[in-house]
Amino acid sequence: MSVRVAVASGKGGTGKTTVAVNLAVVAARRGAAPVAYVDCDVEEPNGHIFLRPDIAECDTVEVPVPAVDETACTACGECSRICQFKAIVLILDRVITFPELCHGCGGCTLACPVGAITETPRGVGVVETGYASTSRREGNARIRFVQGTLNVSEAMPVPVIRAVKRRVPDTPLVFLDAPPGTSCAMVESVRDADFVLLVTEPTPFGLNDLAIAVDTVRELGLHAGVVVNRHGAGDERVRSYCRDEGIDILAEIPDDRRVAEVYSRGGIVVEELPEFARRYEELLDALQAAVPVKA
Amino acid sequence: MEYVPPARSVGHGRLYLKELVVISGKGGTGKTSLLASFAALAGRAVTADCDVDAADLHLVLTPVVERTTKFSGGKQARIDPERCTGCGLCEEHCRYGAIHRHEAERIPDDGPRSDGMQRNGSAQPGRYVYAVDGFACEGCGVCTYICPAGAVIFAEEVSGEWFVSRTRFGPMVHAKLRPGAENSGKLVTAVRNEARRIAGEQDHDLVLVDGSPGIGCPVIASIAGADTVLVVTEPTKSGIHDLERVIELARHFDIPAVIAVNKADINEDMTEAISAYAGNEGITMAGRIRYDTDVTRAQMEGRTVVEISDGPAAADIRAIWGRIHGAIRESNEREQEEA
């Protein structure tokens, strides 16, 4: 049974991907058990920049959209009445579809009394699976890699996130890199995780968005802990918030320009800066102690 | 809610309303800090915070809320356990895995968005009923359609609210989305429409829009029909990767884009690579902003960096604003001549 740790944040750019990638590398290096990194930030997936995986498979993510047989259509309008998304509408005795608005619920197909609607797949993104290797000198520990990518101009990330989650490997430890925010995409990414690691910064923006993210994971009934990134760049308000709310801070990662430089090149912090490797080792220990053990 | 295109000519025919949207693809590149500084420098503009699920602009502009409006992103299904016969047709037809069977006694009473009715459903041992997980429900209504017992209640769900406020730099429209809510794009559209309406009513010629990260529904709703998008990026591999996707998005919707590089001196080579990319793509560089701890200090003080600092970042932001504002003025003059 695998343990899924979602790395989320509320605010963007706090270091979700850095934390998820570096934790995956540290865990893989320990070699105790296989590890997976899963990128659910399908609008802007970045994990591949650092892990440079070899992609073995690439599948198109499809949403079923209606195809109307105009010779059979009686223009009764039942399809447009059931559709909540204005993806199929009756205009002047003709049924028009707007595939990019369709959520693929199948309602119109069900509602059509004459069977004039069939469903046809429409590609909205891809899911790629493969392996990433950590630095050679550590002996080629492998990380199972999965990422989803939403096609540019598509509005709905959730079908791609669902497709990513169907391919989550059955490794004992899985890190899910969630999208920023707290809307449907973030919720879909974290909702069945065993633990949510919330990455924040010690700034007013970081704190404001952390509080929203905490409300979200609480409403979902999930266990959560906090990582304060760029510690020292701001003040102590995040710390006092966590204390007042009874949320554990699992790590405080110091603000350091060298980390920003390694990140900018697409490098892995724990491979280039040994003192940060120790920080991430401690974070992994704290995480493993905090994650509820499954029955 | 339908998108209302920006008024090209409002007021007495002398003012030409322009809408500038700041986006980034990647989160945390400095959109909000930059937009807040623009609001300070413009002096007279309507600001709109369209990052509705992690809004931060209010922390710097400290708005005084004058009007609050409830927002519904769509309908949501609920099952009345009294009427549910346990047939399971809803679960079978739900494509989002949002409906599950529970023992009538054990309907999750603290489950997502379960309401009083579900909690108090009469308990009958051994009887099974179905319940909707509000977080997974997309609001398609198929369960309502298929239920033979009429047990599914399908009603508008309040999923957020939006505010019209006063700030020290002019009117502001902003919003708060309920966690996990669907259809944030619709809320973004409501915020933008209101900002434009206020601009027209009060003779402001500029709307400054703070967008959200990503390329999905709220971002599309933020940029559709805008005059210009300013993409704020950072000189990192991730920043460039996300910049390219968001530029492709702006192109798809035919919105002119300009680029600003924040923390440009963190990696000069990468900043050069971004300039080269912009050159190849025929995109104007609005400028570079040097790394400066005054940006964080301003945030800590709840002010804009141009209000508290004469340091490198504030100077760079003033220069960028000068270029953008100059371009807006020229464009307005051109349109006036054409008119």
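1. The contact between the chains. In this predicted model, the contact draws 53 residues from chain B and 52 residues from chain A. On the side of chain B that touches chain A, the elements giving two or more residues are strand S3 (64-79), helix H5 (142-146), helix H6 (184-201), helix H7 (217-223), H8 and helix H10 (294-301) of chain B. H8(B) supplies the largest share of that side, eight residues. By residue class, the side of chain B that touches chain A comprises 20 nonpolar, 22 polar and eleven charged residues.

2. Chain A as a whole. Chain A contains eleven helices and eleven strands, and its C-alpha trace spans about 70 × 45 × 40 Å along its principal axes. Of its 295 residues, 52% count as buried. Among the contacts in chain A with a separation of 6 or more, 75% join residues 24 or more positions apart.

3. Chain B as a whole. Chain B has twelve helices and eleven strands. Of the 339 residues of chain B, 55% count as buried. Residues 24 or more positions apart make up 76% of the contacts in chain B with a separation of 6 or more.

4. Domains of chain B. The domain assignment divides chain B into domain 1 (18-62 + 168-338) and domain 2 (75-158). Taken over C-alpha atoms, the centres of domain 1 of chain B and domain 2 of chain B are separated by 42 Å.

5. The largest nonpolar core. This core has 194 residues, and those with the most contacts inside it are Val7(A), Ala24(A), Tyr37(A) and Val191(B). Helix H1 (residues 16-30) of chain A gives the most to the core, with nine residues. Domain 1 and domain 2 of chain B both give residues to this core, so the core lies between them. As a general point, nonpolar side chains in soluble globular proteins tend to be buried together.

6. Surroundings of Ala24(A). Leaving aside residues up to four places away in sequence, Ala24(A) touches Val35(A), Tyr37(A), Ile143(A) and Phe175(A). One of these partners, Tyr37(A), is itself listed with Ala24(A) among the residues with the most contacts inside the largest nonpolar core.

7. Helix H5 of chain A. In helix H5 (residues 158-166) of chain A, the buried residues are Val158(A), Pro159(A), Val160(A), Ile161(A), Ala163(A) and Val164(A). The cover over the buried residues of H5(A) includes strand S2 (35-39), strand S3 (54-68), strand S6 (117-133), strand S7 (142-150) and helix H6 (184-190) of chain A.

8. Geometry and faces of helix H9 of chain B. Helix H9 (residues 268-281) of chain B has 14 residues and reaches 20 Å from its first C-alpha to its last, close to the 20 Å expected at 1.5 Å a residue. Met270(B), Thr271(B), Ile274(B) and Ala278(B) are the buried residues of H9(B). Seen down the axis of H9(B), these buried residues fall within an arc of 105°, so they line one face of the helix. The face of H9(B) turned away from the buried side carries the exposed residues Glu268(B), Asp269(B), Ala276(B), Gly279(B) and Asn280(B).

9. Elements of both chains cover the buried residues of H9(B). From chain A the cover includes helix H9 (257-264); from chain B it includes strand S9 (228-233), helix H8 (237-252), strand S10 (257-261) and strand S11 (284-288). Just after H9(B), Gly282(B) takes a positive phi of about 70°.

Notes. Residues numbered from 1 in each chain as written. Chains lettered and ligands numbered in written order. Predicted model: local features only at pLDDT ≥ 70, side-chain atom pairs only at ≥ 80, totals over all residues. Helix = DSSP H or I, 4+ residues; strand = E, 2+ residues; numbered from the N terminus. Expected span 1.5 Å × (residues − 1). Buried ≥ 20, exposed ≤ 12 C-beta atoms within 10 Å, placed from the backbone. Arc of directions from axis to C-beta. Contact = placed C-beta atoms within 7 Å. Nonpolar A, V, L, I, M, F, W, Y, C, P; charged D, E, K, R; others polar. Core = buried A, V, L, I, M, F, W, Y, C linked by C-beta atoms within 7 Å. Domains from an automatic or database assignment.
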